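Please read them alongside the model.

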Amino acid sequence: MSPKMKTSFKYSGDSGTYHSRDNEEAVPHPGSVREQLEPGNQTLVTVFILGGLPFTMELPSLFFLLFLLIYLLTLLGNILLLLTVLSDPRLHALPMYFFLGHLSFLDTCLSSVTMTKVLARWVGPGPNAISFVGCAMQLYAFHILASTECSLYTAMAYNRFLAICRPLRYSVVMSRRACVGLAAGTWLTGSLHAMIHATLTFHLPYCSPNRVEHFFCDIPAVLKLACADTATNQALILTNTGAVAAVCFLLLCVSYAYIVCAILKICTAQGRQRAFSTCSAHPTVALLYCESPIFIYLQPSSSHTSNGVIATFYTAVTPLLNPFIYTLRKKEMKKALRKLTYGQTLSLHV
């Protein structure tokens, strides 16, 4: 440092930099950059500042309590649902509840990956910072969980299609081995998807500024900070992330179109009403969940505010709703839940 340069600084938390009190020159935060041993001594970001949710900082206490309540209810509901499925062997053996157990686990993890950082913004004294490695891990964890859940909704729709449209072949096609294979396929698809995106995203150099305009590290928000050409990454978002969500959405629509046609062929109005009541919950949540990423990843120019609102839906609202939808609407789940809670011996009617 030159002897003429002033050494009194003030810290700007949002930008991750120090400013001179005398001449207000921006000086990189020593803990937020790393010096690369190359000609030109290029500085690369090692700490990101998460921007948080839009419109929530005006009433921080209210939104903190709201999201804390959502997070706690999500954990309680999904863990209880998972324990209920695992505690009853006959329930766990049914394909629908086998997939439902995986869905509860995914919702628990997905909510924890994203919501804990949201809550930390209101609790911590300083800016909501996350390290370069931590950001990469969060992006990978989010995409493996979100992609797996999207594929799992499709597998559940296929299971429902076979049960209603191909009842005579259902027990043969949806064997235990087939269920395990479908579940393993969803996890494999999610892991490959997340690994590709995390590797290509964080292989790029990131220079100042370091503020991520999102409440967690996601691909579009992070790529905006890259000091390199992101054309390949943007093309991959369209062909991979957006395409996966679009394909899942299309398969869900096709599956439930066949299901609706089969239900309409039921002779009695009471039978049709009962069938629609049984099948309405899953397609509503699944279609909305798979539709949300399409708006984010297929519209690169969409605003931070709209992305934040849409992402909040499938990272906070959907994981909260799933336990209530699948528990309160299913007699088998309610019986198994009472058995788990009160220790009663109840028979399950499959």
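1. The sulfur of Cys248 lies 3.5 Å from the closest cysteine sulfur, that of Cys150, which is too far for a bond; a disulfide is taken here as a pair of cysteine sulfur atoms within 2.5 Å. Cys248 counts as buried at 7% relative accessibility. For that term, buried means under 20% relative accessible area, exposed over 50%, and partly exposed in between, with a 1.4 Å probe and protein chains only. Cys179 is also buried, with a relative accessible area of 3%.

2. This is a predicted model, in which local features need pLDDT of at least 70 and side-chain atom pairs count only at pLDDT 80 or more, while totals for chains, interfaces and linings use all residues. Residues are numbered from 1 along each chain as its sequence is written, and side-chain values use heavy atoms, with hydrogens and water left out.

3. Two disulfides are found in a search of the whole structure. In one, the sulfur atoms of Cys135 and Cys217 are 2.0 Å apart. This pair links distant parts of the chain, 82 residues apart: Cys135 is in helix 4, and Cys217 in the loop between strand 8 (211-212) and helix 7 (219-223). Helices (H or I, at least four residues) and strands (E, at least two) are DSSP runs, numbered from the N terminus. The link of Cys135 and Cys217 is left-handed, with -120° about the S-S bond. Cys135 is buried at 0% relative accessible area, and Cys217 is buried at 0%.

4. The other disulfide joins Cys207 and Cys227, with sulfur atoms 2.3 Å apart. Cys207 sits in the loop between helix 6 and strand 8, and Cys227 in the loop between helix 7 and helix 8 (231-264), 20 residues apart. The link of Cys207 and Cys227 is right-handed, with 60° about the S-S bond. Cys207 is buried at 15% relative accessible area, whereas Cys227 is partly exposed at 32%. With the bonded cysteines numbered in sequence order, the pairing is 1-3, 2-4.

5. Which residues does Gly51 contact beyond its neighbours within four places in sequence? They are Arg121, Arg211, Val212 and His214, contact meaning heavy atoms within 4.5 Å. Gly51 is in the loop between strand 6 (47-50) and helix 1 (60-87) and is buried, with a relative accessible area of 10%. Gly51 and Phe215 are 164 residues apart in sequence but 5.7 Å apart in space, C-alpha to C-alpha.

6. Thr201, in helix 6 (residues 176-202), is buried with a relative accessible area of 1%. Leaving out residues up to four places away in sequence, Thr201 touches residues including Leu139, Tyr206 and Asn233.
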